[in-house]
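Please view the sequence and structure below before reading on.

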Amino acid sequence: MEVVKTLAKSIRQYKKATVLTMVFVLLEALFEVIIPTLMAYLVDYGIDLGDMDYIIKMGIVILISAMLGLLWGVLSGVNASVASCGLAANLRHDMYENIQRFSFKSIDKFSTASIVTRLTTDTTNVQNAYIMIVRTALRCPLVILFSLIAAFNLHREMSLIFLISIPILGFILVYIANKCHPVFEKVFRLYDKLNRVVQENVRGMRVVKSFVREDHEVEKFEGISKVVYEDFSKAEKIVAYNVPALQAVSYVCMLLIAWIGANAVIASGNNEKLGLTTGALLSLVAYCTQILMSLLRFSQVYVMIIIARSSAGRIAEILNEKSELHNPENPEYSVADGSIEYKNVNFGYSETATKLVLDNINLKIESGSTVGIIGATGSSKSSLVQLIPRLYDVSEGEVLVGGKNVKDYDIESLRNQVAVVLQKNELFSGSIKENLRWGDENATDEEIKEACKLACADEFIETFPDKYDTYIEQGGTNVSGGQKQRLCIARALLKKPKILILDDSTSAVDTKTDASIRRAFAEKIPDTTKIIIAQRISSVQDADMIVIMNEGKIAAVGKHEDLLANNLIYKEVFESQRKGGEDNE
């Protein structure tokens, strides 16, 4: 029920279409049930008595009833389509909107492949189930109810056959649905894995071809596809028993009605007062067909609902996921300066983590200074700086920016003053200008060019035929790694931040360009606090302060000369890199 309530919120403006569907379905069911009774009157009082006027009059009434039933059916179908498509559109919109509000912790919880599956396959399953629920699932019980009432009015004893058969059919339906539900749940988890395999292959196509691993990728895809096929086949085999079981019960009911009814008609001499008439028997057969066909359709809808139930739960997980990062009641909207201070900071990516990612961090960074951070892979360099724009919250202690706890700021205002160029550089499909204006959507062409000069990106942009209007493919696949990094730096500079964080974002550029970028930063943005995470000591040796990270702790802090003289780790790294440089020369 919680899942239903969550998804029901997305109906919104399509409530009217949903209600109209139900009203038209009610009318459609009513007119569908009326027709067999009218047919009984036509046979008994028209055909048997040879009354042509009555036959014509009743024929017109039946024709009008059929046309009205068709009209209500068409209107219910149109409104059901509008309601279901609208629900699907709102679900996709609501999920996508909520994903944009995810914190990094929430993003870590769901894989990209899983999110894509929920936005596509799962939503389509819910859409199909919804149109069946508001139309067929409502229509079938109404037809059954109205048919039972009409059958009881015609012949009570014969109607007992329906009352006995319906529970039997209901038991078969529930048993089959419950058997196949766990299999369908497993299949949709496999869809995530299938999408992940496709996504990895497409994104890493160049690597696949470089290592000639096409056959391996095909085998991997075929393997997961085979598992999906086998599990889906298993579920469909269970569902396949549904139709023959229902048909068997239906045929038994038809035979009983035909046999008992024919004897009753003969015994009564086709006299309504003495028993059953021919017209009433024909109506009972028609009602039997309506009831059993409605049960058959309802069983198919029920299976679809079982399939959609798994999808609905997965969609609800996305909709119910809320970021643990919230604005305080009276947030601060202005950041005084770019000073940063860590006070007794501990951090773990989850509450149940047995080992802290950052352990007892105490560090003070002056506004406008340049800070270099180095350390081995996995030493938590990135985790340290991600606490500044509040991409994650500390587990213990506090992080101050501009003299105030980051939790006291309005999140958007804080992040507007902190520009981060992450390790994984992302460019989006569109022109270079469009990508750069992510930093400032109102940036002028002159401001864009100035930012590109600072990031040393102008030198290659000017070589393109379309210059700043050059189209960037999705993910920036038509530019090199170094060019992508420089464009991302330029995009960050357009924010005019008080704090600029470069998380190993010059690793793909040559040392000369790296030095040019750092020199431009020192000259052009002296008031901006610059934090540079790097593997090369040459990238940080001119910094005002260098922080050495080791296993989530600060191993040493100081200037290049001091660390070179007093810190063995720093000295060893420096010597190895210098020797490597000499060998390369």
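Glu 32 forms a salt bridge with Arg 139 (a salt bridge being a side-chain nitrogen of Lys or Arg within 4 Å of a carboxyl oxygen of Asp or Glu), and their closest N and O atoms are 2.1 Å apart. This is a predicted model, in which local features need pLDDT of at least 70, side-chain atom pairs count only at pLDDT 80 or more, and totals for chains, interfaces and linings use all residues. Residues are numbered from 1 along each chain as its sequence is written, and side-chain values use heavy atoms, with hydrogens and water left out.

**Glu 32 and Arg 139**
- The pair links distant parts of the chain, 107 residues apart: Glu 32 lies in helix H2 (residues 15-47) and Arg 139 in helix H5 (residues 112-154). Helices (H or I, at least four residues) are DSSP runs, numbered from the N terminus.
- Arg 139 has 12% relative accessibility and so counts as buried (under 20% relative accessible area; exposed is over 50%, partly exposed in between, with a 1.4 Å probe and protein chains only).
- A network of salt bridges links Glu 28, Glu 32 and Arg 139.

**Glu 459 and Arg 486**
- In the salt bridge between Glu 459 and Arg 486, the closest N and O atoms are 3.1 Å apart.
- This pair also links distant parts of the chain, with Glu 459 in helix H15 (residues 458-461) and Arg 486 in helix H16 (residues 481-493), 27 residues apart.
- Glu 459 is partly exposed at 48% relative accessibility, whereas Arg 486 is buried at 10%.

**Asp 445 and Arg 437**
- Asp 445 forms a salt bridge with Arg 437, with 3.2 Å between the closest N and O atoms.
- Asp 445 is partly exposed at 32%, and Arg 437 is partly exposed at 27%.

**Total**
- The structure holds 15 salt bridges.

Note on methods: Helices (H or I, at least four residues) and strands (E, at least two) are DSSP runs, numbered from the N terminus.
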